[in-house]
Amino acid sequence: MFRHPTQNHWANVRVFEFDSPSKGGKRGTEIPAIQQVSGPSFAKTTPKKTSQALEFHSSNKWKAHFEASKANAKLMVIDFTATWCVPCRSMEPVINEFAAKYTDVEFVKIDVDELMGVAQEFGVQAMPTFVLIKKGRVIDKVTGVRKEELQKKIEKHRTNNIIMHK
């Protein structure tokens, strides 16, 4: 459940790390939730592109972009993340790699602390969470640091898009 930052709103969120045995963890182990210690983030007004992914810091900008995306069949992958989430940070280079490789797919990054309402709308309860969308509809979801699973789902759903347009 999402709450105001002063009410320890991430106490019920679980953070997962799956693919990092090199860090001493076993595959599939859960890391306890990390609580946010800083105050609320200040919203920016324009989407920002970091590497290959668009970042949204305003719910109005996000809503406008999301509504516009409903008009096409392009696959959109939303990376729900937080600055304090270590497993989320470990997936950032992976998302940048996928964005460079799959240029026909749109990659979006949303910080759950800045856009709590958007995270709630998509039912984000653990992080990292990746939501795959086409024409405004959720078609798949991956939770945790699961590079291979995310890649398979991206390839599956972008392939459907390529076949539809041939």
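Colleague: Thank you. What kind of model is this?

Modeller: This is a predicted model, in which local features need pLDDT of at least 70 and side-chain atom pairs count only at pLDDT 80 or more, while totals for chains, interfaces and linings use all residues. Residues are numbered from 1 along each chain as its sequence is written, and side-chain values use heavy atoms, with hydrogens and water left out.

Colleague: How many residues of strand S6 are buried?

Modeller: Six of the six residues in S6 (residues 106–111) are buried.

Colleague: And which way do they point from S6?

Modeller: Glu106, Val108 and Ile110 point one way, whereas Phe107, Lys109 and Asp111 point the other way. In a regular strand, side chains alternate between the two faces of the sheet.

Colleague: Which strands are joined to S6 by bridges?

Modeller: Strand S4 (residues 53–56) runs parallel to S6 and is joined to S6 by three bridges; Phe56 stands opposite Ile110. Strand S5 (residues 76–81) also runs parallel to S6, with six bridges between them, and Met76 has Glu106 as its bridge partner. Two strands pair if DSSP finds at least two bridges between them.

Colleague: What do S5, helix H2 and S6 make?

Modeller: S5, H2 (residues 86–101) and S6 make a right-handed β-α-β unit. Right-handed means that, with the strands pointing away from the viewer, the path from the first strand over the helix to the second runs clockwise.

Colleague: New topic: how many salt bridges are there in the whole structure?

Modeller: A search finds seven, a salt bridge being a side-chain nitrogen of Lys or Arg within 4 Å of a carboxyl oxygen of Asp or Glu. One of them joins Lys109 and Glu92 (3.6 Å, N to O). Lys109 lies in S6 and Glu92 in H2, so the pair ties together parts that are 17 residues apart in sequence.

Colleague: Is Glu92 buried or partly exposed?

Modeller: Glu92 is partly exposed at 32% relative accessible area, whereas Lys109 is buried at 17%.

Colleague: What about Arg146?

Modeller: Arg146 forms a salt bridge with Glu149, their closest N and O atoms being 3.4 Å apart. Salt bridges that share partners join Asp140, Arg146, Glu149 and Lys153 into one network.

Terms used:
Buried means under 20% relative accessible area, exposed over 50%, partly exposed in between (1.4 Å probe, protein chains only). Helices (H or I, at least four residues) and strands (E, at least two) are DSSP runs, numbered from the N terminus.
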